[in-house]
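I opened a notebook for this structure and wrote down what I looked up, entry by entry. The sequence and the model come first.

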Amino acid sequence: LATFNGYLDTVAAGLDALQQKLIVVIWRLMSEMNGNWFWWGHRSQADYIALWRYVFNYLTVGKSLHHLIWVYESDSGTHSGTPSDYYFPGADYVDVVGHNMYDDTWQLPFDLNRLYREYGKVYAFPQAGSNNQSPLRLIQYGWDSMVMINAIRARHPRASYFCAWDT
């Protein structure tokens with residue numbers, strides 16, 4: 001725990017420098033938790049929620065950082081049997097609910113608009129892009145962000161923002 005808190009202290013120092021300059025930070029903490037490619041990923045629901053809340057309290061209460069917009073974001077590509085909100089740490093700990101999406105059709109087997117409307121939070125796509133993120137494909141054929149914009153308008157009208165993510 002001491003090593004982890006040391007990492008948090010280092011991050012908190014940088015975040016505090018931004019707070020002193022009145023810069024608001026969209027804080028995307030431990031994203032894609034329903035995948036297994038990060039150390040925090042695909043753990044028990046209780047462990048993930050406890051970890052999120054620990055970091056939240058450490059930074060907001062312990063370090064008095066109040067300029068962070070906390071973003072909860074799951075991933076759509078892996079473990080489709082796990083609901084997008086399965087690891088949701090609670091409304092008091094999240095400002096934005098999101099779902100990372102790499103798709104050319106932007107169709108999911110569940111309704112994200114309905115799901116995230118229930119939380120009363122800003123709804124977004126913190127990472128978004130083409131289904132095929134191959135650098136060769138992107139160089140060869142390009143990528144038109146209007147594909148995302150049009151699909152979001154048509155299928156996810158509540159979405160407040162997206163962040164185009166590229167390789």
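Where is Glu32 found? I found Glu32 in the loop between strand 1 and helix 2. The model is predicted, and I read every value below as computed from it.

I looked up the backbone of Glu32 and noted a positive phi of about 50°, although Glu32 is not a glycine. I then checked its accessibility. Glu32 has 8% relative accessibility, so it counts as buried, the cut-off being under 20%.

I looked up Met30 next. Met30 has its place in the loop between strand 1 and helix 2. I noted a positive phi of about 45° for Met30, which is not a glycine. Its relative accessibility is 7%, and Met30 therefore counts as buried.

**Entry: the chain as a whole**

I stepped back to list the elements. The protein chain has five helices and five strands. Read from the N terminus on, I wrote their order as α-β-α-β-β-α-β-α-α-β. I also looked up how much of the chain is buried: buried residues make up 43% of the 167 residues.

**Entry: strand 1 and strand 2**

I followed strand 1, residues 25-28, to its partner. Strand 1 pairs with strand 2 in the parallel sense, over four bridges. For a position to look at in the model, I took Ile26, which stands opposite Ile69 in strand 2.

I then traced the connection. Strand 1, helix 2 (residues 45-62) and strand 2 make a right-handed β-α-β unit.

Why is strand 2 largely enclosed by the rest of the structure? I checked residues 68-75, which form strand 2, and seven of the eight are buried, so the strand is largely enclosed.

**Entry: strand 3 and its two partners**

I moved on to strand 3, residues 96-102. Strand 3 runs parallel to strand 2, and five bridges join the two. I wrote down two facing positions: Ser74 stands opposite His99 in strand 3, and Asp75 stands opposite Asn100 in strand 3.

Six of its seven residues are buried, so strand 3 is largely enclosed by the rest of the structure.

Which strand did I find paired with strand 3 over five bridges in the parallel sense, besides the one above? I noted strand 4, residues 122-129. Here Tyr102 stands opposite Gly129 in strand 4.

**Entry: the largest pocket**

I looked for open space and noted about 210 Å³ in the largest pocket. The elements that give two or more residues to its lining are helix 1 (2-20) and strand 1. The largest share comes from helix 1, with four residues.

I listed the lining residues: Phe4, Tyr7, Leu8, Val11, Trp27, Arg28, Leu29, Met30, Ser31, Trp39, Trp40 and Val55.

**Entry: Asn5 in helix 1**

I stayed with helix 1, where Asn5 has its place. Is Asn5 buried or exposed? Its relative accessibility is 15%, so Asn5 counts as buried. I then looked for a partner of its side chain. A polar contact of 2.6 Å joins the side chains of Asn5 and Tyr54.

**Entry: Ala151 and Asp103**

I ended in helix 5, residues 146-155, where Ala151 is found. Ala151 has a relative accessible area of 6% and is therefore buried. I looked up Asp103 together with Ala151. The two are 48 residues apart in sequence, and in space they lie 9.8 Å apart, C-alpha to C-alpha.

Conventions
Residues numbered from 1 in each chain as written. Predicted model: local features only at pLDDT ≥ 70, side-chain atom pairs only at ≥ 80, totals over all residues. Heavy atoms only, no water. Buried < 20%, exposed > 50% of the residue type's maximum accessible area, 1.4 Å probe, protein only. Pairing = 2+ DSSP bridges. Right-handed = clockwise from strand over helix to strand, strands pointing away. 1 Å grid on protein atoms, 1.4 Å probe; cavity = no way out; pocket = protein on both sides within 12 Å on 5 of 7 lines; lining within 4 Å. Points joined across faces, edges and corners; volume = space filled by probe spheres on them. Polar contact = N/O pair within 3.5 Å; in protein donor to acceptor, adjacent residues only side chain to side chain.
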